[in-house]
Amino acid sequence: MLWSPPVLTELRTRAGEELLRRVAGPSAHDKRARIHGAPGPRWFEPGSPIRLVHADASMYVGGLAALLLQSLHPQAMAAVWAHSGFRGDPWGRLQRTSTFLAVTTFGTDQDAAQAVRRVRGVHDRISGVTSQGEPYRASDPHLLAWVHAAEAECFLRAYQRYGRRPLNRAGQDAYVRDMALVAARLGAEDPPATRAELSARLARYRGELRSTAEARETTEYLLSHPPLPRAVRVPYALLAAASVDLLPPWARRQLSLPLSARLLRPLAVVGGRAVIAGIRWATPPVPAAAGPDAGSALP
């Protein structure tokens, strides 16, 4: 039986709405209308590198890679493990994170500043001790700088490999500067301002990184036991392999990767491109008022 265009259209609509609901929550369309359509100045101009990167479906690979990389810092991992609720409510955490990225990248100055204040307020209430007896605070500028560096590195790597229009060196430097503006407002310690500075900053953290029991369980959860319907397990496995392949070799060596991720690595790039193409095909366009950023993979 041949599929007719109306059937394909219906499939695309249903897939896109489900993807949007998962990533942005039940009020996804209202969020999008506010973020992209509300009048007012923005932190970043249309066409700026941060908008190009964060509007691209490659963020699905970059986001997962960032979580894996971030898990290697014991104090950052302990804070997530004890306070984020990612195991009990993984979709809620994803929705909060994607909304924060979207608001600070595309939203009005007022909404972006409010989002930063809200996150800083949450961080101020989070502290504890790791299972190895090391104290941590979520508001620690050094830890915030690690989380920021891991995100910037993985988002940019993903875009350079899977994005529509990879950035030249000047564009990559501009992306890192754009990200530094948000990181500084969150309280991160001296965020890097160029691609070279970002690489150097990650290298300086390597002595602090190790795979803890929490990191190993998180890796297993993200790569082997995600809370997903059976119908999308194969595409997700390819997306996971693409995320693992995106990591620096030293990070892959430190992570306890499940067998499935290791076996699928030879298919990582081809599979990642196929899955991202499918996400682009299904993702509903942003409201018309958003202009050149139509097609955003974020809310």
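Start by selecting Pro 74, Met 77, Ala 78, Thr 130, Ser 131, Gln 132, Thr 212 and Glu 214, which line the largest cavity. This is a predicted model, where local features need pLDDT of at least 70 and side-chain atom pairs count only at pLDDT 80 or more, while totals for chains, interfaces and linings use all residues. Residues are numbered from 1 along each chain as its sequence is written, and side-chain values use heavy atoms, with hydrogens and water left out.

**The cavity**

On a 1 Å grid over the protein atoms alone, a cavity is a set of points where a 1.4 Å probe fits but cannot get out; lining residues have an atom within 4 Å of a point. The structure holds one cavity of 30 Å³ or more. Helices are DSSP runs (H or I, at least four residues), numbered from the N terminus.

**H8 against H10**

Select helix H8 (residues 141-162) and helix H10 (residues 195-205). Their axes come within 10 Å and cross at roughly 125°. Axes are lines fitted to C-alpha atoms over the stretch in contact, and angles run from 0 to 180 degrees between N-to-C directions. H8 is therefore oblique to H10; angles under 35 degrees count as roughly parallel, over 145 as roughly antiparallel, 65 to 115 as roughly perpendicular and the rest as oblique. The crossing is left-handed (the near helix is turned anticlockwise from the far one by less than a right angle; clockwise is right-handed). Show the contact residues (heavy atoms within 4.5 Å): H8 brings, among them, Trp 146, Glu 153 and Leu 156, and H10 residues including Arg 195, Leu 198 and Tyr 205. This contact has nine nonpolar, one polar and four charged residues.

**H8 against H12**

Select Cys 154, Arg 157, Ala 158, Arg 161 and Tyr 162 of H8 with Ala 242, Asp 245 and Leu 246 of H12. Five are nonpolar, none polar and three charged.

Terms used: Helix = DSSP H or I, 4+ residues; strand = E, 2+ residues; numbered from the N terminus. Nonpolar A, V, L, I, M, F, W, Y, C, P; charged D, E, K, R; others polar. 1 Å grid on protein atoms, 1.4 Å probe; cavity = no way out; pocket = protein on both sides within 12 Å on 5 of 7 lines; lining within 4 Å. Points joined across faces, edges and corners; volume = space filled by probe spheres on them.
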